[in-house]
Amino acid sequence: KELCATGSMEFPTIPTNLSTLPHKFLYTVGSHDPAGKSFGFPGSFCKLDAFSGEILKSFITQPYEIVSEPCVVPKMGGKDEDDAYLMAFVVNGRDLTTDTVILDAKTMEEVSRSTLPSFVPNGGLHGRYVEGATFDFAELN
């Protein structure tokens, strides 16, 4: 095995439909300086070349924001491997708010951000997308 990437990164993920297949891209959580040698709080999402480990694009949050593990959601009708969205929580430590953030996996640009009605403190925020999974709210009551 070879070292895929350097820098401060964790929670590598790919679309679940590619979990046992060759893939070009890998998405990770990085520090606010993902290509650097600093090991700070998780503050960025990175798109890596799965072969070279090079950071192709990144989305870096504000210094007072901490990101959670993203999940990859394929775009309906997408043709390319990176025709997908990254979904994750971003915790704002300054305002004590939590946002759901959606990034375009191809460009790593933010396409949506919505503040949750309650603050969810950092920690234990892991993500997973399962196509077709749903539940009935009435059954939960």
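Okay, let's start with the strand pairing: β7 and β8 run antiparallel and share eight bridges. Bear in mind that this is a predicted model.

Strand β7 covers residues 84–92. If you look across from M87, its bridge partner in β8 is I102. The hairpin linking β7 and β8 has four residues between the strands, and L96 there has a positive phi near 55°.

Now carry on to the next strand. β8 is joined to β9, residues 109–115, by six bridges, again antiparallel. On that side, D99 sits opposite T115 of β9. This hairpin, β8 to β9, also has four residues between the strands, and here M108 is the one with a positive phi, near 60°.

M108 turns up again in the core. The largest nonpolar core has 15 residues, and the ones touching the most other members are Y27, F45, L86, L103 and M108. Which elements give two or more residues to this core? Those are β2 (25–31), β7 and β8 (97–104). β7 makes the largest contribution, with four residues. There's also a second, separate core of five residues, with I14, L18, C46 and L48 among them.

Last stop, the surface. Y85, M87 and V111 make a nonpolar patch there, and together they have about 240 Å² of accessible area.

Technical notes
Residues are numbered from 1 along each chain as its sequence is written. This is a predicted model: local features need pLDDT of at least 70, side-chain atom pairs count only at pLDDT 80 or more; totals for chains, interfaces and linings use all residues. Side-chain values use heavy atoms; hydrogens and water are left out. Patches are made of residues with over 30% relative accessible area and no salt bridge: like charges are joined within 9 Å, nonpolar side chains (Val, Leu, Ile, Met, Phe, Trp, Tyr) within 5 Å. Accessible areas come from the Shrake-Rupley method with a 1.4 Å probe; for residues, only the protein chains shown count as cover. A salt bridge is a side-chain nitrogen of Lys or Arg within 4 Å of a carboxyl oxygen of Asp or Glu. A nonpolar core is a set of buried Ala, Val, Leu, Ile, Met, Phe, Trp, Tyr and Cys residues joined through side-chain atoms within 4.5 Å. Buried means under 20% relative accessible area, exposed over 50%, partly exposed in between (1.4 Å probe, protein chains only). Two strands pair if DSSP finds at least two bridges between them.
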